[in-house]
Amino acid sequence: MTTELKAIKDAFDEAKIPYAYNVFPTDASSPALPYCTGFVTGGQTTPADNENYFDTMNVTVILFTKTKDPVTEDIVKNILKSLDVIYTWDESYSTDEQMYAITYTFQMNA
């Protein structure tokens, strides 16, 4: 796990919002809502002088809530701002799971 991914987990731990990379372990029960998952979806390399000079990764963090929860959404936004990332977000509702998913996407150093 990169330093940047650890910083994300540490920030959610400090805010007391359960967080796992990709999924929670199958041998453990999922935490009560709200909770977050995050994962890397790809990345880019900036070349210079015939070598990889700088790498970035595309990160997705998803907040799952039972009801619309602006307070927790603001906590997540403040976490991302504290990590100095510029994010976009999208909201959806799963009728099968009966929960909201707010998806935040951004880039970080790899």
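The model is predicted, so local features need pLDDT of at least 70 and side-chain atom pairs count only at pLDDT 80 or more, while totals for chains, interfaces and linings use all residues. Residues are numbered from 1 along each chain as its sequence is written, and side-chain values use heavy atoms, with hydrogens and water left out.

Let's start with helix H1, residues 3–14. Helices (H or I, at least four residues) and strands (E, at least two) are DSSP runs, numbered from the N terminus. H1 has 12 residues and reaches 16 Å from its first C-alpha to its last, close to the expected 16 Å; that expected span is 1.5 Å times one less than the number of residues. Which residues of H1 are buried? They are Leu5, Ile8, Ala11 and Phe12, where buried means under 20% relative accessible area, exposed means over 50%, and partly exposed lies in between (1.4 Å probe, protein chains only). Seen down the axis of H1, these buried residues fall within an arc of 120°, so they line one face of the helix; the arc is that of the directions from the helix axis to the C-beta atoms. The face of H1 turned away from its buried side carries the exposed residues Thr3 and Glu14. On the buried side, the residues of H1 pack against strand S1 (19–21), S2, S3, H2 and S5. Just after H1, Lys16 takes a positive phi of about 60°.

A nonpolar core is a set of buried Ala, Val, Leu, Ile, Met, Phe, Trp, Tyr and Cys residues joined through side-chain atoms within 4.5 Å. The largest such core has 20 residues, of which Ile8, Phe12, Cys36, Val76 and Phe106 touch the most other members. Helix H1, S3, H2 and S5 are the elements that give two or more residues to this core. A second, separate core of 7 residues includes Ala20, Phe24, Met99 and Ala101.

Next come the aromatic rings. A pair of aromatic rings is described by the distance of the centres and the angle of the planes. Rings of Phe, Tyr and Trp (its six-membered ring) pair if their centres lie within 6.5 Å; planes under 30 degrees apart count as stacked, over 60 as edge-to-face and the rest as tilted. A search of the whole structure finds 5 aromatic pairs. In one of them, the rings of Tyr35 and Phe64 have their centres 5.3 Å apart and their planes at 40°, so the pair is tilted. Tyr35 lies in strand S2 (residues 35–48) and Phe64 in strand S3 (residues 51–65), so the pair ties together parts that are 29 residues apart in sequence. Tyr35 counts as buried at 12% relative accessibility, and Phe64 counts as buried at 16%. The rings of Tyr87 and Tyr104 have their centres 5.9 Å apart and their planes at 75°, so this pair is edge-to-face. Tyr87 lies in the loop between helix H2 (70–82) and strand S4 (88–94), and Tyr104 lies in strand S5 (residues 99–109), so the pair ties together parts that are 17 residues apart in sequence. Both Tyr87 and Tyr104 are buried. Ring pairs also link Phe24, Tyr35 and Phe64 into a cluster.

Leaving aside neighbours within four places in sequence, Phe64 is in contact with Leu33, Pro34, Tyr35, Thr37, Met99, Tyr100 and Ala101. Phe64 and Asp49 are 15 residues apart in sequence and 44 Å apart in space, C-alpha to C-alpha. Thr56 also lies in strand S3 and counts as buried at 17% relative accessibility.

Finally, here are some backbone details. A cis peptide bond joins Leu33 and Pro34, with omega about 5°, and Pro34 lies in the loop between S1 and S2. Asn22 lies in the loop between S1 and S2 and has a positive phi of about 70° although it is not a glycine. Gln98, in the loop between S4 and S5, has a positive phi near 55° and is partly exposed, with a relative accessible area of 44%.

Conventions
Contact means heavy atoms within 4.5 Å.
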